[in-house]
Amino acid sequence: MTRYALIGLFLIGLIAIVYTLMSAVGGKPQNNPLEAYAQGQMEKLVFPQSDREAATKPFKDADGNTVTLTDFEGQTLLVNFWATWCPPCEQEMPSLAALEKARGGETFKVVAISVDASGDTEYAQKRLKTLGSAQLDFFMSPSDEGMRAAYAASVTGFPTTVIYSADGVELARLTGEADWTSLEAVNFIDAAIKASE
């Protein structure tokens with residue numbers, strides 16, 4: 001009987017050790033199913049810990065009209081804050097344009113918001129087209145007017161990309177450049193669109 005008790009204790013101890021090791025390797029369970037897409041080109045994605053609604057501070061379109069993110073209600077949005085003086089911003093712009101071309105429509109839109117100075121609006125518009133991004137609409141939140149839309153979105157560096165659900169809740173953000181045509185990025189965007197349905 002003592003022999004069986006010792007074997008039982010040994011097995012219980014072994015199970016406890018295996019469970020502890022598996023927990024350490026597996027980490028804590030993910031609360032947000034989109035977190036599974038934070039790998040490869042999307043490894044820098046950060047997910048909010050609580051619901052954070054899209055900022056409603058206004059910015060301007062190419063014609064100087066006032067726009068807010070609520071004007072795009074019903075679409076999953078990829079909002080990219082960029083500037084012509086920011087090389088990483090310019091490097092990722094062609095991939096953002098390709099993503100808009102591939103996925104843009106009634107359910108998804110790339111909103112690229114320049115934070116260049118208002119005196120550089122024309123240059124920023126031309127630069128966007130030069131970067132092969134003619135299919136992206138031009139928007140601006142000028143630095144000399146306080147970059148209100150960028151600060152309202154808690155942007156601390158450029159480029160910063162924020163993804164919002166169709167009902168205006170932040171799903172994730174990525175600071176720094178990324179290849180938005182990568183398999184990881186496209187899979188993430190598809191999952192974000194699906195999560196908004």
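**Figure 1. Pro 88 and its contacts.** Pro 88 touches Pro 159 and Glu 177, once neighbours within four places in sequence are set aside. Contact here means heavy atoms within 4.5 Å. Pro 88 sits in helix α2. Helices (H or I, at least four residues) and strands (E, at least two) are DSSP runs, numbered from the N terminus. Pro 88 is partly exposed, at 28% relative accessibility. Buried means under 20% relative accessible area, exposed over 50%, and partly exposed in between (1.4 Å probe, protein chains only). Glu 177 is 89 residues from Pro 88 in sequence, but the two lie 5.7 Å apart in space, C-alpha to C-alpha. The model is predicted: local features need pLDDT of at least 70, side-chain atom pairs count only at pLDDT 80 or more, and totals for chains, interfaces and linings use all residues. Residues are numbered from 1 along each chain as its sequence is written, and side-chain values use heavy atoms, with hydrogens and water left out.

**Figure 2. The whole chain.** The protein comes to 5 helices and 7 strands. Along the sequence they follow the pattern α-β-β-β-α-β-α-β-α-β-β-α. Of its 197 residues, 43% count as buried. Among contacts with a separation of 6 or more, 71% join residues 24 or more positions apart.

Figure 3. Most residues other than glycine have a negative phi, and most peptide bonds are trans. The bond from Phe 158 to Pro 159 is cis, with omega near -5 degrees. Pro 159 lies in the loop between α4 and β6. Ser 154 is also placed in the loop between α4 and β6. Its phi is near 60 degrees, a positive value in a residue other than glycine. Ser 154 is partly exposed, with a relative accessible area of 43%. Met 147 has a positive phi too, about 45 degrees, and is not a glycine. Met 147 belongs to the loop between β5 and α4. At 11% relative accessibility, Met 147 is buried.

**Figure 4. Ala 172 in strand β7.** Ala 172 lies in strand β7. This residue is buried, with a relative accessible area of 0%. Leaving aside neighbours within four places in sequence, Ala 172 contacts Leu 45, Val 46, Phe 47, Pro 48, Thr 161, Val 162, Ile 163 and Phe 188. Val 46 is 126 residues away in sequence, yet its C-alpha is 5.5 Å from that of Ala 172.

**Figure 5. Helix α5 and its packing.** Helix α5 covers residues 183-196, 14 residues in total. From first C-alpha to last, α5 reaches 20 Å, close to the 20 Å expected at 1.5 Å a residue. The expected span is 1.5 Å times one less than the number of residues. Its buried residues are Ala 185, Val 186, Phe 188, Ile 189, Ala 191, Ala 192 and Ile 193. These pack against β3 (76-82), α2 (87-103), β4 (108-114), β6 (160-164) and β7 (170-175).

**Figure 6. Salt bridges.** The structure holds 7 salt bridges. Each is a side-chain nitrogen of Lys or Arg within 4 Å of a carboxyl oxygen of Asp or Glu. Arg 52 and Glu 170 form one of them, at 3.3 Å, N to O. This pair links distant parts of the chain: Arg 52 is in the loop between α1 (2-26) and β1 (59-61), Glu 170 is in strand β7, and 118 residues separate them. Arg 52 is partly exposed, at 36% relative accessible area, whereas Glu 170 is buried, at 5%. Lys 60 pairs with Glu 145, their closest N and O atoms being 3.5 Å apart. Here too the partners are distant in the chain: Lys 60 is in strand β1 and Glu 145 in the loop between β5 (138-140) and α4 (148-152), 85 residues apart. Lys 60 is partly exposed, at 31% relative accessibility. Glu 145 is partly exposed, with a relative accessible area of 31%. Glu 122 bridges to Lys 126, with 3.3 Å between the closest N and O atoms. These two are 4 residues apart in helix α3 (residues 121-130), so about one helical turn separates them. Salt bridges that share partners also join Arg 52, Glu 170 and Arg 173 into one network.
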